[in-house]
Amino acid sequence: YEHRFPNHRALGDVTKVNAKPFRGIDFIVGGPPCQNLSVAMGFGVKGGARTGLKGEKSKLFREYIRLIRQTKAKHFVMENVASMSKSNRALITKMLQKAYQGKGTVHCVELNSKHVTAQNRRRLIWSSFPVPALTGKGPTILKILDPPRVVNVPCYQICESSKLRYKEIVPQWNKRRWDMKIYSDTNKEKSITVTKSWKSCTMGNMLIDRRFRKPLKKYGLKGTGIIRKWTPEEA
């Protein structure tokens, strides 16, 4: 952040910030960590780290509440993951309603990047003013792909051993990872969430590019195509 916005003032660790000197500011914008709220953290043998607002990371939401109270900000916008439980969503709304002292009430809307991008990514937005829901189709996966000559190079291919290993992995629910459909496919209109670790060969960052006539059967998949990573531009 300091590299990209050198003229902004960075206050450091939010738990150590005294926000009282900023009382009366116009706006607080934030997105407390989602790791302990997301359904993705429920994966794993021991149930994952989906511990809600008590979790080591997502408990920082309470610091956001503290900043709203200390500053008495006129308005706020807060973002978080839409896959959180209904109880956590209700609790967050209730805490924001209790803390907010500005003019207006607390609104919550679900927005999805699929309306403006080729990616399906649901998010919840809380704000002190109504935010209209997004509409429209947005581009499809096929519309944003690089040309075949660009992606059909070694740096974007996933090694055979990784593909075959993923074919056999059964992480939970007695389903192989391929069967869980946690990858993107050009047969689909939208991709699943592409994370910041797009360089890795984790399932969530794999793309089945069916513009190529190579058999996929040996990986337990139907049809033809290549299994590859997203390019930086596509991601």
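This is a predicted model: local features need pLDDT of at least 70, side-chain atom pairs count only at pLDDT 80 or more; totals for chains, interfaces and linings use all residues.
Local features were considered at pLDDT of at least 70 and side-chain atom pairs at pLDDT 80 or more, whereas totals for chains, interfaces and linings use all residues. Residues are numbered from 1 along each chain as its sequence is written, and side-chain values rest on heavy atoms, with hydrogens and water left out.

Helices (H or I, at least four residues) and strands (E, at least two) are DSSP runs numbered from the N terminus. An open sheet of four strands, with mixed pairing, has the order β1-β2-β4-β3, where two strands pair if DSSP finds at least two bridges between them. Because β1 and β3 (107-112) stand at the edges with a single partner strand each, one side of each is left without a neighbour in the sheet. From one strand to the next, the twist averages 20°. Strands β3 and β4 (residues 122-127) run antiparallel and are joined by six bridges; Glu110 has Leu124 in β4 as its bridge partner.

Helix α1 (residues 61-71) lies across β1 and β2 (75-81), at about 175° to β1, while helix α2 (residues 86-99) lies across β2, β3 and β4, at about 20° to β4.

Asp26 is placed in the segment before β1 (27-30). Asp26 counts as partly exposed because its relative accessibility is 48%, between the limits for buried (under 20% relative accessible area) and exposed (over 50%), with a 1.4 Å probe and protein chains only. Leaving aside neighbours within four places in sequence, Asp26 is in contact with Lys74 and His75, contact meaning heavy atoms within 4.5 Å. Although Asp26 and Lys74 are 48 residues apart along the chain, their C-alpha atoms are separated by 4.9 Å.

A second open sheet, of three strands and also with mixed pairing, has the order β5-β6-β7. Here β5 (184-185) and β7 (226-229) stand at the edges, each with a single partner strand, so one side of each lacks a neighbour in the sheet. Strand β6 (residues 206-209) pairs with β7 in the antiparallel sense over four bridges, and Asp209 stands opposite Ile226 in β7.

Methods:
Axes are lines fitted to C-alpha atoms, for helices over the stretch in contact, and angles run from 0 to 180 degrees between N-to-C directions.
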